[in-house]
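Trainee: Before I use the labels on this model, I would like to go through what stands behind them.

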Amino acid sequence: MMIQQNIAQSFQSPIVRVMLIGIAIALLYVLWKEVRKIPAKLFTLMATAFVDMVGLLMIIPLLPFYVKTLGGSGIQILGMHFGIGIISGCIVAAFTIAQLLSAPMWGRFSDRVGRRPTLLIALGASAIAYLIFGFAHSLLLLFLSRIVQGAGGGTVGVIQAYVADSTPPQDRARALGWLSATTNLGVALGPVLGSFAITLGKHDLMPGPATLQMGRAAPGIIAAGICLLNMAFAARYLNESRDLNEQTPQAGEVSRTSSQAIWRVISHSGEPSSRLIWIYAIAIGAFQGSFSVLALFLNARFQVTEQTIGYFFMYVGSISVFARVLLLGRMVDWLGEAKLSRLGLVLLAGGVVGMPLSRNLWMLALAVALIPLGTAFTFPCVTALLSRVIAPRERGLYMGMQQTYGGVARIIAPLFFGWSFDSVGVSSPYFFSSAFIVATIFLGFGLDQYARREEVPAAREAASVSGEQEA
């Protein structure tokens with residue numbers, strides 16, 4: 001109890017708050033310095049992904065409130081009562097399931113017709129989903145909006161394939177890290193804009209005696225407008241990255257359908273591409289699944305409350321962006337993707353198991369710091385390696401499959417870790433999670449041959465020296 005009280009008091013300490021503000025300022029400075037190094041083609045894609053994430057996160061935090069407004073105390077189906085909690089869970093799951101089912105299909109579609117038109121179609125689907133959400137007057141329409149949003153949101157693999165198309169192999173992990181940092185910023189900004197949209201919806205937008213209010217539709221309308229602007233921006237500035245001449249299979253190569261490729265990951269699990277997909281799925285499921293009970297764990301062990309847990313996520317988010325933008329590229333140049341991914345898994349497992357072993361705030365801070373370092377070093381490197389071991393004409397398909405398997409793991413893992421928290425003990429999810437992550441390290445052995453570090457061109461070295469002199 002004394003440890004819990006000390007940690008709870010430490011969160012209120014002015015020194016801790018000043019440290020967090022200092023981290024935030026340093027983060028902004030690093031981003032300002034690093035953003036100038038991003039190639040123009042990737043910067044356009046990152047801007048597109050950032051704005052898309054802003055629109056998505058405008059809606060997600062508001063969804064439970066819309067469900068409650070439309071559902072009241074619940075609904076009756078075939079004589080059975082379904083409460084608001086179950087309804088909200090079903091609507092959230094509808095998005096995830098639609099996203100999982102659509103990811104390989106979007107990937108295959110992008111392999112055939114190109115990344116650019118695929119992303120434009122997906123942005124259009126998102127705009128339609130936001131409008132349905134805004135004007136939904138029943139739970140059925142709300143459910144439909146999430147299905148449309150999920151089906152149009154299975155393009156994460158397409159975006160990753162675009163990065164792989166647009167960058168040389170030795171720079172892919174760095175570029176994927178930049179992309180991840182950008183979407184994290186969108187996650188932070190989206191909910192704020194969603195709250196602003198709710199406030200704006202209550203105001204009269206028409207001067208004079210006439211009135212015009214968007215009301216509850218405001219977040220959906222604004223998100224759709226942002227999505228359409230993003231679509232116009234992408235249509236104007238986003239160039240096609242896919243070389244459609246690569247579509248023709250080479251001698252001895254077989255063109256697979258989405259279902260065949262999904263089954264091959266299971267039936268040929270020893271292949272490099274299958275092993276990388278399993279590493280990604282198991283590790284991200286174990287990591288995010290254990291975080292599904294994070295608030296409950298921190299409250300039970302350290303008396304962290306809804307007023308102080310925000311500091312925890314700010315700390316994790318800051319280190320995450322730092323690691324992706326500042327450290328990842330340098331570490332890839334030093335170790336290569338295969339070794340760095342294994343180091344990342346070790347750090348991630350150590351950070352996860354370190355949380356229940358912590359006895360004070362500083363031990364907890366050290367353990368937690370390992371987690372964003374581990375995720376930054378693991379997942380971009382695994383995805384970059386996957387782009388190397390598959391044919392360019394199947395990049396979209398396999399990266400879509402990676403998201404599908406990862407998504408399935410993110411559905412199963414929270415159920416298991418929730419049961420573990422309730423039935424085994426409050427710390428048990430983190431011991432289980434760490435064990436799963438450690439097990440994936442063995443799947444990565446032997447992949448070093450696909451991560452040979454290539455000589456850095458003289459022009460790139462000169463550009464790096466020039467950048468350091470400007471700094």
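Mentor: The model is predicted, so local features need pLDDT of at least 70 and side-chain atom pairs count only at pLDDT 80 or more, while totals for chains, interfaces and linings use all residues. Residues are numbered from 1 along each chain as its sequence is written, and side-chain values use heavy atoms, with hydrogens and water left out.

Trainee: What makes a space in this model a cavity?

Mentor: On a 1 Å grid over the protein atoms alone, a cavity is a set of points where a 1.4 Å probe fits but cannot get out. The structure holds two cavities of 30 Å³ or more.

Trainee: How much space lies in the largest cavity?

Mentor: About 70 Å³, where a volume is the space filled by probe spheres set on the points, and grid points are joined across faces, edges and corners. Among its 13 lining residues, I279, A338, S341, R342 and G444 are the closest to the centre. A lining residue has an atom within 4 Å of a point.

Trainee: Which element gives the most to that lining?

Mentor: α15 does, with four residues. Helices are DSSP runs of H or I with at least four residues, strands are runs of E with at least two, and both are numbered from the N terminus. The protein chain has 19 helices and two strands.

Trainee: Why does the lining of the second largest cavity count as six nonpolar residues?

Mentor: That lining consists of L42, L45, M46, V163, A175 and L179. Ala, Val, Leu, Ile, Met, Phe, Trp, Tyr, Cys and Pro count as nonpolar, Asp, Glu, Lys and Arg as charged, and the others, Gly among them, as polar. The lining therefore has six nonpolar, no polar and no charged residues. α3 supplies its largest share, three residues, and the cavity has a volume of about 30 Å³.

Trainee: Why is V187 called partly exposed?

Mentor: Buried means under 20% relative accessible area and exposed over 50%, with partly exposed in between (1.4 Å probe, protein chains only). V187 has 36% relative accessibility, so V187 counts as partly exposed. Of the 471 residues of the protein chain, 49% count as buried.

Trainee: Which residues does V187 touch, leaving out those up to four places away in sequence?

Mentor: V187, found in helix α9, touches M53 and L57; contact means heavy atoms within 4.5 Å.

Note on methods
On a 1 Å grid over the protein atoms alone, a cavity is a set of points where a 1.4 Å probe fits but cannot get out, and a pocket is an open set with protein on both sides within 12 Å along at least five of seven lines; lining residues have an atom within 4 Å of a point.
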